[in-house]
Amino acid sequence: DNITPVTFGPVFHFKGVRFFPTADRRAVELVESFEVRDDDVFLSGYPKSGNTWVQQIVSLLSTEGDLSEVNKIPIFVRVPWLGTMDKSGSGKPMPKFLKDAPSPRLIKTHMPYHMLPRQTREGKGKIIHCVRNVKDVVVSWHKMREGFEYLPSGTFDENFQEFINPEQAAFGFWWDVVPEYWRHKDDTNMLFLKFEDLKRDLRGNVVKIANFLGKTPSDQRIDEVVSYCTFSAMRDNDATNISRNELFKGQRKEGFEFVRKGKVGDWKNSLSPEQSKILDDIHREKMAGVDLTFEFE
Ligand code: A3P
């Protein structure tokens, strides 16, 4: 109840990475030294790769009680974003705010792997990373930049050019960030997921995530979790479709839905054949030798 609409800060650079609002330098600077607990779960992903979807699944799987109640709590409260300022009124950078949060903590991050809290990279806590094919990411990212007032946005072409420029890409260059996480896919504290796999088999991935978290929910409980994680359930829920949430009052441009289409291959409606080819060419070059494949449709 104590969530109030907030204003967001500027774009800034930290250690060569360009950060967009709502990330905040005061929080980002504290991420590396953040003290990790054994039962922490970090949910990471490049923007627009299914972060909110995985957060919803993990949050519900981590709930012992009434799922229908938890389902109504805003996702950014259930899974606070480490690189931001706390929005519940403490005024603290999230790494400080989370010091007093009860275990188990679920924590969102958009950091490249090498900028995660040092202790997670040493094996403490768990990391769940979700990736999505880059063409859908480019389009979804533009739609969000266009849809939220607090995010700077150019035209589709301008945002596209920024995305493919390592100096300008927000939250790191996709072709640096994704292969770096992939190199750690077999770390004992890492679970690596793909958006396209979740689309094909949501229930199977819910079970996979539960196993990784050391949980053994009943079939009925899994069905219940799945029912709150479908596209339509998450779109119709103000707690997950954050463009409808109070916090973003005045920040949402008319008609924008954060839980927007949720499709594999929606890029076809926005990318020109030339842009699609540019992405194919970069992808081929940068992913040579990386045995990570994607479905683009
Ligand atoms: P689109 O813009 O392509 O629709 P993130 O949370 O990382 O910002 O990712 C947002 C993307 O995930 C959006 O993609 C959104 O629609 C999609 N998404 C969120 N919940 C989903 C769900 N339950 N099923 C399918 N897609 C979902």
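Colleague: In which sense do β5 and strand β6 pair, and over how many bridges?

Modeller: Two strands pair if DSSP finds at least two bridges between them, and here β5 and β6 (residues 190-194) pair in the parallel sense over five bridges, with F192 in β6 as the bridge partner of H129. Strand β3 (residues 41-44) and β5 also pair in the parallel sense, over four bridges, and L43 stands opposite I128 in β5. Helices (H or I, at least four residues) and strands (E, at least two) are DSSP runs, numbered from the N terminus. This is a predicted model, in which local features need pLDDT of at least 70 and side-chain atom pairs count only at pLDDT 80 or more, while totals for chains, interfaces and linings use all residues. Residues are numbered from 1 along each chain as its sequence is written.

Colleague: Why does D136 count as buried?

Modeller: D136, which lies in helix α7, counts as buried because it has 28 C-beta neighbours inside 10 Å.

Colleague: How are α2 and helix α11 placed relative to each other?

Modeller: Axes are lines fitted to C-alpha atoms, for helices over the stretch in contact, and angles run from 0 to 180 degrees between N-to-C directions. Helices α2 and α11 (residues 202-212) pack at an angle of about 55°, with their axes 10 Å apart, and are therefore oblique to each other (under 35 degrees is roughly parallel, over 145 roughly antiparallel, 65 to 115 roughly perpendicular and the rest oblique). Helix α2 (residues 51-61) is itself mostly covered, eleven of its eleven residues being buried, among them W53 and L60.

Colleague: How many residues surround the ligand, and which are the closest?

Modeller: The ligand is surrounded by 20 residues, of which the closest are N51, T52, S140, R260 and G262; a residue is near a molecule if its C-beta atom, placed from the backbone, lies within 6 Å of it. Helices α2, α7 (134-147) and α13 (231-235) each supply at least two residues of this shell.

Technical notes:
Buried ≥ 20, exposed ≤ 12 C-beta atoms within 10 Å, placed from the backbone.
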